[in-house]
Amino acid sequence: MQASTAKKAIDAKLRAKGIGMSFKRDGNTTAVLENIDLDVGEGEFLCLLGPSGCGKSTLLNIVAGFLEPTSGTVMIDGESVKGPDARRIFVFQERGVFPWLTVEGNVGFGLFRLTRAERETRIAHYIKLVGLQGFEKAYPQELSGGMKQRLEVARALAVKPDMLFLDEPFGALDSITRLIMRGELLRIWEAERKTIVFVTHDIEEAVQLADRVVVMSTRPARIQKIVEIDIPHPRDISSPRYLELRDGIFEEIGLAHKI
Amino acid sequence: MNLLVRLRPLGFIVLLLAAWHVAVNRQAVHLLPDPLQVAGGFVELIQRGLLLKYVVASLFRVTWGFCLAAIIAIPAGLAIGWHRRLEMALNPFLQILRPISPLAWIPISILWFGVGDVAAIFLIFLASLLPLTLTAINAVEGIPAVYVNAGRNFGLSPVRLVYSVLYPAVIPRLILGLRITLGIAWLVVVAAEMIAVNSGLGFLIVDARNAGNRYDLVVAGMVSIGLIGLLLDMGMRSLESVRAFRWGYSED
């Protein structure tokens, strides 16, 4: 992981240049993003961190190809992004699982090009990876929030994408489940080594997970600072270095670290 | 205890029948036949082989009219709902048609199809067409964007997107719309049969009155209509408990 940081500047997996985004509503133009330049390295875990409504989700939707930016370009593997692509899966909050499909059906959703046997092996593998064995025939409404979230991650991983885009995936979970899910995500990331862009407004979450944390300003969002988290996993969240990095980001955002 | 709760509606009906019986027989002038006379009417209809024949005739018309409407309205409504511009263009027209009672079409359907089965089926078709179209339009518009985005993300072709995302996502609302519309169709068939044909439960009611004021048969016809309407609704409602559809009806 440390080795990959050094190479980042040379072969970026994703390269966003000069991204600007503004929305028109009732004749007014609101600038949401301004001149964003961002590189994400192969296999990197990158967090976009910013206050609610700052436009970090908009940025994620742009790099994932769901939105077209007003200005700027997004290149992935040297190709410009024209729309969503099965090589890069977007994980919504747990609402994204299909309620009319069982756990198996959801995990197999993107696997329609495989033969039946391949599909079944793949489904079983990823159900096991996210720890949903025994729930293959269950429908999402019978699952807890954390299980639905793991299901969505399994559905995304099953198509073997190069990249995952996660938009506040644990935002709707309770704080205990959220902690467990962070551990699970890191375990999966270490097993599968996908490039991950993870949007969050939770500073602790960003520092616990990411290789680099991109701190974004309030609207119109610009990149305020990029903080490299040079602590190997598993991270000791009471180590001096962790606290130093975390407090540095708190200060960067302009929050006194006292309530 | 549970059984007692379940039997409560039945108990209520028995109580009403008893009250009906007493009330009718305390009057010198009979404004209604009493329940026993109605039961006698049922027996007579069954003996003459008319009850089954009329029920089948009415259901036949409803089935045709309703199914033809569903075959046309659901795909059309889904397409209209999917293409926002089409919906914007068509919506005023649909809203103008909406307040026109299906029964207002009776003269025109007789003009086009003469007096007979086809005119009655056409009325049911018309009565079902608009509610089903509107249901399908609303169902598509109600699909959360995340489902469509997720479908696109996995590289689904347009055809596959329709049958793996669009179609399953609208099913619960469609079932609800089909259920309500079937109720409307059943209301309309009875009215249509009062005018356009010479069989069916609606015909029975008009005919029993015209042929000698047989109000026992009139009420027997009304009760049959109610019971069959209940059965149709229960049939549609049972679709709502299918496991793959149930998500659409939960409070969550």
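Guide: A residue is buried if 20 or more other C-beta atoms lie within 10 Å of its own, exposed if 12 or fewer, and partly exposed in between, with C-beta atoms placed from the backbone. By that count, 44% of the 259 residues of chain A are buried. The model is predicted: local features need pLDDT of at least 70, side-chain atom pairs count only at pLDDT 80 or more, and totals for chains, interfaces and linings use all residues. Residues are numbered from 1 along each chain as its sequence is written, while chains are lettered from A and ligands numbered from 1 in the order in which they are written.

Visitor: Why does the radius of gyration of chain A agree with that of a compact globule?

Guide: The radius is taken over C-alpha atoms, and the globule rule is 2.2 Å times the number of residues to the power 0.38. For 259 residues the rule gives a value near 18 Å, and chain A has 18 Å, therefore the two agree.

Visitor: What makes S2 and S5 of chain A edge strands?

Guide: Strands are DSSP runs (E, at least two residues), as helices are (H or I, at least four), numbered from the N terminus. Two strands pair if DSSP finds at least two bridges between them. The open sheet of 4 strands in chain A has the order S2-S1-S4-S5, with antiparallel pairing. Strand S2 (28-41) and strand S5 (79-80) of chain A each pair on one side only, and are thus edge strands.

Visitor: How do you know that S1 and S2 of chain A pair?

Guide: Strand S1 (residues 12-25) and S2 of chain A are joined in the antiparallel sense over 10 bridges, and pairing requires at least two. Within this pair, Arg25(A) stands opposite Asn28(A) of S2(A).
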